[in-house]
Amino acid sequence: MIVHEPWHIPILEFDLDIDNTELLKFALDQEASVPSVSKSNGGGYQTPFLDLQEPALLDLIQSIEHQFVEHAEALIFPPPYTITTMWCNINYYKDFNWPHRHPLSTFSGVYYVQAPENCGRIQLEHPSLDILHHYPRSNGVDATHDAAFNCAALERRLYIFPSWLKHCVEPNMNKNEKRISFSFNLSGDIS
């Protein structure tokens with residue numbers, strides 16, 4: 001017998017060893033000087049796409065691209081990949097992000113600069129959510145058929161996932177501290 005498992009979905013998780021001080025300052029400066037856009041955010045602040053040549057972002061961009069290339073064997077499409085767009089999210093108490101996808105890119109991700117306790121997780125939705133009632137639930141043992149894969153928001157944590165994978169971010173339930181993250185899209189030559 002042969003068992004085929006063609007629908008594996010890579011979700012990469014890394015902890016980056018970079019100094020968040022400059023990123024935090026940059027995010028707060030953006031919030032103070034640039035009006036928020038409204039895309040997937042339910043409250044909170046979101047920058048427009050950022051200038052990828054901004055000196056405050058260069059260490060983050062290089063670290064993400066390096067980690068992605070180093071671990072690309074887990075992916076369907078080989079490198080090279082580059083970050084094509086990046087933006088900052090600042091979520092206060094009860095702010096969240098609606099379920100959404102990132103069109104016109106191959107992989108997307110999020111990096112947490114500030115993630116206080118109880119600030120909400122990113123949830124990656126099972127692509128077959130509409131038919132999951134046909135399968136037994138895992139009760140946390142094997143997430144293969146669970147409706148969502150939850151990823152903790154932790155400082156210096158980076159997640160990368162396919163851009164077509166629907167995802168949302170839970171409300172920040174920390175009344176005193178904001179959740180600050182940088183989201184991005186990666187694209188490469190898949191010809």
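Begin with α1 (residues 21-33), a helix of 13 residues that reaches 19 Å from its first C-alpha to its last, close to the 18 Å expected at 1.5 Å a residue. Helices here are DSSP runs of H or I of at least four residues, and strands are runs of E of at least two, numbered from the N terminus; the expected span is 1.5 Å times one less than the number of residues.

The model is predicted: local features need pLDDT of at least 70 and side-chain atom pairs pLDDT 80 or more, whereas totals for chains, interfaces and linings use all residues. Residues are numbered from 1 along each chain as its sequence is written, and side-chain values use heavy atoms, without hydrogens or water.

Next, select Leu23, Phe26, Ala27 and Gln30, which are buried in α1 (under 20% relative accessible area with a 1.4 Å probe, protein chains only; exposed is over 50%, partly exposed in between). Viewed down the axis of α1, these residues fall within an arc of 100°, so they line one face of the helix; the arc is taken from the directions from the axis to the C-beta atoms. On the face turned away, select the exposed residues Thr21, Lys25, Ala32 and Ser33.

Move to α2 (residues 58-70), where Leu60, Ile61, Ser63, Ile64, Gln67 and Phe68 are buried. They cover an arc of only 165°, which puts them on the same side of α2.

Finally, select Ile64; its contacts (heavy atoms within 4.5 Å) include Met86, Ile160 and Phe184.

Methods. Lists of a residue's contacts leave out its neighbours within four places in sequence.
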